[in-house]
Amino acid sequence: MIWLLVAVGGGLGATLRYSVQILITKMATPSYWATVLVNLIGSFFIGLTHVWEIDNKIALSFFTIGMLGGFTTFSTFSFEVVKLVNQKQLVKSFLYVLVNILGGLLCFWVGWSL
């Protein structure tokens, strides 16, 4: 049952992730900002789940492992940093790393503090 909930949550998270990507692209904004946005949102909600101290293994598996695991994109983050560096966009790559990591930590802390 838990495997199924993780799979359904992951599908939902991936669909939400794709929706953010489409929205950002339609706004004529560089697509890597979609990654920043989902990493910040995901960090915030993971912070909230740890404060709630969810003891229900089923709910935790669906939401944290499934949905947020499918939604956040740290592997895409790594790819995009390397891509920016390869394109000799060193300042952009540095700012991109800084916003993702410090912003993610800040959003996690805010979620945890709530």
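Trainee: Which residues line the largest pocket?

Mentor: This is a predicted model, in which local features need pLDDT of at least 70 and side-chain atom pairs count only at pLDDT 80 or more, while totals for chains, interfaces and linings use all residues. Residues are numbered from 1 along each chain as its sequence is written, and side-chain values use heavy atoms, with hydrogens and water left out. A pocket is an open set of points on a 1 Å grid over the protein atoms alone, where a 1.4 Å probe fits, with protein on both sides within 12 Å along at least five of seven lines, and a lining residue has an atom within 4 Å of a point. By that rule the lining consists of Asn39, Ser43, Ile46, Thr72, Phe74, Asn100, Ile101, Gly104 and Leu105.

Trainee: Which element gives the most to the lining of the largest pocket?

Mentor: Helices are DSSP runs of H or I with at least four residues, and strands are runs of E with at least two, numbered from the N terminus. The elements that give two or more residues to this lining are α2 (32-52) and α5 (90-113). With four residues, the one that gives the most is α5.

Trainee: Is Asn100 buried or exposed?

Mentor: Asn100 lies in helix α5, and, leaving aside neighbours within four places in sequence, Asn100 is in contact (heavy atoms within 4.5 Å) with Thr35, Val36, Asn39, Leu40 and Phe77. Buried means under 20% relative accessible area, exposed over 50%, and partly exposed in between, with a 1.4 Å probe and protein chains only. Because its relative accessibility is 4%, Asn100 counts as buried.

Trainee: And how does Thr72 count by relative accessibility?

Mentor: Thr72 lies in the loop between α3 and α4 (74-86). Leaving aside neighbours within four places in sequence, Thr72 is in contact with Val38, Asn39 and Gly42. Its relative accessibility is 26%, so Thr72 counts as partly exposed.

Trainee: At what angle do helix α1 and helix α3 pack?

Mentor: Axes are lines fitted to C-alpha atoms, for helices over the stretch in contact, and angles run from 0 to 180 degrees between N-to-C directions. Helix α1 (residues 2-26) and helix α3 (residues 57-71) have their axes 6 Å apart, and they pack at an angle of about 35°.

Trainee: What is the phi of Ala28?

Mentor: Most residues other than glycine have a negative phi. Ala28 is found in the loop between α1 and α2, and at 71% relative accessibility Ala28 counts as exposed. Its phi is positive, with a value near 60°.

Trainee: What about the phi of Lys88?

Mentor: Lys88 has its place in the loop between α4 and α5, where, at 70% relative accessibility, Lys88 counts as exposed. Although Lys88 is not a glycine, its phi is positive, at about 65°.
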